[in-house]
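Student: I am new to this structure and would like to learn how to read its features. Where should I start?

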Amino acid sequence: MFTGLIEDVGMVTELEAGADGARLRIATRLGGELEPGDSVAVNGACLTAVEADRAGFVTEAMNQTLRLTSLGALQHGDRVNLELAVLAGARLGGHFVQGHVDGTGEVTEADEDGFARRLRLHIDPGLAGFVVERGSVALDGVSLTISALGDDWLEVSLIPQTLQRTNLGDAEPGRRLNVECDLVGKYVQRLMAPLREQERVGGDG
């Protein structure tokens, strides 16, 4: 479990991709806090450290992860948002983030707005039912508040702290970001689905 508060922006220093998946080495000051087997969120996707030292860590991404997230597009030298798994009893400053990416969204607009920066993302219409205006969403692992919402897009505002401490300050139109919808919203949708089906069937009758 994570909170969406980024602890470091690491850099991909080695990348080996093949038919079986990908193996990445990421340079970060967090390496000394990791042990093999620990979970770490990389751009919002929960991965497992297979090696770790003070200079960083090595992790592997299977083909399904590469297909469903933006990790498949990573290249040597790319900057990635990193967060270690939250400890029990720690302060929850963002929102509950599982590291289970629901899909990706493409940045369509990136505009300065005073000291903030507004990002608009095109999202799969299938995700639209899991997000609400003023609700929470994780983009590339960053806990953010949805400031505006449409049928197939959402908008967030990035404060200077977020721009400085994450890689979202680099986001320009065309870039794909990992999207994880709010956990509570997903459970509510799941629980309400049978009721909506009953109403639909009853209405047809």
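**Contacts, cores and a barrel**

Tutor: Start with one residue in this predicted model. Not counting residues up to four places away in sequence, Leu139 touches Leu121, Leu144, Leu154, Val156, Leu168, Leu177, Asn178 and Val179.

Student: Which residues have the most contacts inside the largest nonpolar core?

Tutor: In soluble globular proteins, nonpolar side chains tend to be buried together. Here the largest nonpolar core has 21 residues, and those with the most contacts inside it are Leu119, Leu121, Leu139, Leu144 and Val156. Two or more residues each come from β7 (103–113), β8 (116–122), β9 (136–139), β10 (142–149), β11 (153–158) and β12 (176–181). Another core, of 20 residues, lies apart from it; Val42, Leu47, Phe57 and Leu74 are among its members.

Student: In what order do the six strands close into a barrel?

Tutor: Strands of a sheet pair through backbone hydrogen bonds, either parallel or antiparallel. In this barrel the order is β7-β8-β11-β10-β9-β12, with antiparallel pairing. From one strand to the next, the twist averages 45°. β7 and β12 pair in the antiparallel sense over four bridges; Gly105 has Leu177 in β12 as its bridge partner.

Student: Is Leu82 buried or exposed?

Tutor: Leu82 counts as buried because its relative accessibility is 0%, and buried means under 20%. Leu82 belongs to strand β6 (residues 79–84).

Student: What is Leu82 in contact with, beyond its neighbours within four places in sequence?

Tutor: Its contacts there are Ile6, Glu7, Asp8, Gly10, Ile26, Thr28, Leu30, Ala41, Val42 and Phe57. Val9 is 73 residues away from Leu82 along the chain, yet their C-alpha atoms are separated by 5.8 Å.

Technical notes
Residues numbered from 1 in each chain as written. Predicted model: local features only at pLDDT ≥ 70, side-chain atom pairs only at ≥ 80, totals over all residues. Heavy atoms only, no water. Buried < 20%, exposed > 50% of the residue type's maximum accessible area, 1.4 Å probe, protein only. Contact = heavy atoms within 4.5 Å. Core = buried A, V, L, I, M, F, W, Y, C linked by side-chain atoms within 4.5 Å. Pairing = 2+ DSSP bridges. Axes fitted to C-alpha atoms, helices over the stretch in contact; angles between N-to-C directions.
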